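Let's take a walk through this structure together. Have the sequence and the 3D view side by side, and follow along one stop at a time.

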Amino acid sequence: KRMDWGTQTKIVEESQKEGENKDSSIDWTKYRLNQMKYLLVGWDLKTADNQQIPINEKILKRLDFNIAISLIRKYEEVITPSEEEIENFG
């Protein structure tokens with residue numbers, strides 16, 4: 001799913017962490033998890049007995065790190081506009 005402004009805002013808000021001085025910053029681990037939670041709409045992963053594996057926070061937290069990072073990188077690659085798209089926008 002392509003991110004819209006409302007989804008981006010929700011992801012950022014849910015990824016905030018409060019510092020010692022009551023200042024806030026982004027917890028990038030939470031941010032990446034929230035990206036997958038809100039933007040990954042489907043996959044073809046199944047259990048050994050051919051049951052569809054749901055996409056939810058519990059399952060996402062159990063993904064192999066390299067697979068999770070690969071999913072995020074692929075997502076970013078797919079949504080990044082091409083040079084032609086950028087030229088046509090201006």
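Start with Ser15, which sits in the loop between helix 1 and strand 1 (16-18). Helices here are DSSP runs of H or I with at least four residues, strands are runs of E with at least two, and both are numbered from the N terminus. Ser15 counts as buried, because its relative accessibility is 0%. Buried means under 20% relative accessible area, exposed means over 50%, and partly exposed is in between (1.4 Å probe, protein chains only). Setting aside neighbours within four places in sequence, Ser15 is in contact with Ser25, Ile26, Asp27, Lys30, Tyr31 and Asn34, where contact means heavy atoms within 4.5 Å.

A word on what you're looking at: this is a predicted model, in which local features need pLDDT of at least 70 and side-chain atom pairs count only at pLDDT 80 or more, while totals for chains, interfaces and linings use all residues. Residues are numbered from 1 along each chain as its sequence is written, and side-chain values use heavy atoms, with hydrogens and water left out.

Now for a pair of helices. Two packed helices are described by the angle between their axes and the distance between the axes. Helix 1 (residues 5-14) and helix 2 (residues 28-39) have axes that come within 9 Å and cross at roughly 145 degrees. Those axes are lines fitted to C-alpha atoms, for helices over the stretch in contact, and angles run from 0 to 180 degrees between N-to-C directions. On the helix 1 side, the contact is made by Thr7, Gln8, Lys10, Ile11, Val12 and Glu14, and on the helix 2 side by Lys30, Tyr31, Asn34, Gln35, Lys37, Tyr38 and Leu39.

Thr7 counts as buried because its relative accessible area is 10%. Neighbours within four places in sequence aside, Thr7 is in contact with Lys1, Tyr38 and Leu39. Thr9 is also found in helix 1, but Thr9 is partly exposed, with a relative accessible area of 28%.

Over in helix 2, look for Trp28 and Tyr31, which are 3 residues apart, about one turn of the helix. A search of the whole structure finds 1 aromatic pair. Trp28 and Tyr31 form an edge-to-face aromatic pair, 5.2 Å centre to centre with 65 degrees between the planes. Rings of Phe, Tyr and Trp (its six-membered ring) pair if their centres lie within 6.5 Å, and planes under 30 degrees apart count as stacked, over 60 as edge-to-face and the rest as tilted.

Next, the inside. The largest nonpolar core has 8 residues in all: Leu33, Met36, Trp43, Ile59, Leu60, Leu63, Ala68 and Ile72. Such a core is a set of buried Ala, Val, Leu, Ile, Met, Phe, Trp, Tyr and Cys residues joined through side-chain atoms within 4.5 Å. Helix 2, helix 3 (57-62) and helix 4 (65-79) each give two or more residues to this core. Apart from it lies another core, of 5 residues, including Ile11, Tyr31, Leu39 and Tyr75.

Last stop: Asn50, in the loop between helix 2 and helix 3. Asn50 is not a glycine, yet has a positive phi of about 70 degrees. Asn50 counts as exposed, at 53% relative accessibility.
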